[in-house]
Amino acid sequence: MSLTPEEKKAQATAVIREKMARAQELFTRFGQDFLSEEGIVRLLRRYRQGIERSNQAMAQVGTFAECKVCSVDEGRGCCKVGLENETTVIILLLNHLLDHPVPQEREVEEGCFFVGKQGCRLLAKPYLCRDYFCRRHFEKIAKEKMIFVTQELHQELETLYLLEEALIKRLRERLGGFLLDFQTRNYPWW
Ligand code: SF4
Ligand code: SF4
C-alpha cells in the first residue's frame, strides 16, 4: 500500500526527531569531554573555516544564487520532505559541538525539516547537501568556476570525514560497539 504525502512526512519527521533526541543526549553526556580535547577542538575549528570557505566559493561563482532562484522564485528546489534524513546523528551532534542550534520544528511545509525561508538552517550539513550540483549549475555556470567550487569544498568535506571518524571512535569507546549506528541515513518509506 502506498503512503500519502502526509504519511510520508509524518514518518520522515518521526525518524529525524529520533536522531535529534539521540544527538542531544550524546551532547549532554559527552559534549564537554569532546570540547576539552585539543584534537577535536582543532578539527572543529578547521571544519568551521572549511564551511566558510565553501560558502564563500559558492557565493562567488553563483551556485547559491541559482539555488535561490530555483527554490524561492520558481518554487522548485531540492530541499524536500524526507531529505532531512541524509542528516545523521553525528552531523546533528556536530551542530551542537559548533554551538549552532538545531531547529526543532519544520518551517517549510513541503520542505526538508531543516530548510527555512533563507535556506538551510544547519551549520554542519550532510555531504550530499554540499557536493550535489544539478544540471542547472553546469548549464549556467562556467566549467572552470564549478571546478573551483569543488576544490574549495575539499577542506570542509575532508574535515567532516575526520571528525566523524574521531567522534565515532570515542563514542564506541564509551558506549560499546553494538547497536550504535550513528551514520544511518534512513529513508523510511523506501
Ligand atoms: S541544486 Fe539544482 S535543483 Fe537543487 S535547489 Fe539548486 S538549482 Fe534547484
Ligand atoms: S541543505 Fe539543509 S535544508 Fe537542504 S536538504 Fe540538506 S539538510 Fe535539508
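In describing the surroundings of a ligand by class, Ala, Val, Leu, Ile, Met, Phe, Trp, Tyr, Cys and Pro are counted as nonpolar, Asp, Glu, Lys and Arg as charged, and the others, Gly among them, as polar. In this predicted model, the shell around ligand 1 has four nonpolar, two polar and three charged residues when sorted in this way. The residues that surround ligand 1 are Glu66, Cys67, Cys70, Ser71, Arg76, Gly77, Cys78, Cys134 and Arg136, and the largest share of this shell, four residues, is supplied by helix H3 (residues 63-73).

Ligand 2 is surrounded by Cys79, Leu83, Glu84, Thr87, Cys112, Phe114, Val115, Cys120, Leu122, Lys125, Pro126 and Cys129. By class, nine residues of the shell around ligand 2 are nonpolar, one is polar and two are charged.

The packing of the helices was examined next. Helix H2 (residues 38-61) packs with helix H7 (residues 143-175) at an angle of about 160°, and their axes lie 8 Å apart. Because angles over 145 degrees count as roughly antiparallel, H2 and H7 are described as roughly antiparallel to each other. The crossing in which H2 passes H7 is left-handed, and the contact of H2 with H7 has 14 nonpolar, six polar and five charged residues.

Helix H7 also packs with helix H4 (residues 89-97), here at an angle of about 95° and with the axes 11 Å apart; H4 and H7 are therefore roughly perpendicular to each other. To this contact H4 brings Ile90, Leu93 and Leu94, while H7 brings Leu163, Glu164, Leu167 and Ile168. Of the residues in the contact of H4 with H7, six are nonpolar, none is polar and one is charged.

Helix H4 has a further contact, with helix H1 (residues 5-35), in which the two axes come within 9 Å and cross at roughly 50°, so that H1 and H4 are oblique to each other. The crossing of H1 and H4 is right-handed. On the side of H1 the contact is made by Lys19, Met20, Arg22, Ala23, Leu26, Phe27, Gly31, Phe34 and Leu35, and on the side of H4 by Val89, Leu92, Leu93, His96 and Leu97. By class, the contact of H1 with H4 has 10 nonpolar, two polar and two charged residues.

As to confidence, the mean pLDDT of the chain is 92, and 94% of its residues reach 70 or more. Within the chain, confidence is lowest in H3, at a mean of 90, and highest in H2, at 98. Where pLDDT is low, the predicted coordinates should not be read in detail.

Methods: Residues numbered from 1 in each chain as written. Chains lettered and ligands numbered in written order. Predicted model: local features only at pLDDT ≥ 70, side-chain atom pairs only at ≥ 80, totals over all residues. Near = placed C-beta within 6 Å. Helix = DSSP H or I, 4+ residues; strand = E, 2+ residues; numbered from the N terminus. Axes fitted to C-alpha atoms, helices over the stretch in contact; angles between N-to-C directions. Parallel < 35°, antiparallel > 145°, perpendicular 65-115°, else oblique. Left-handed = near helix turned anticlockwise from the far one by under 90°. pLDDT = per-residue confidence, 0-100. Contact = placed C-beta atoms within 7 Å.
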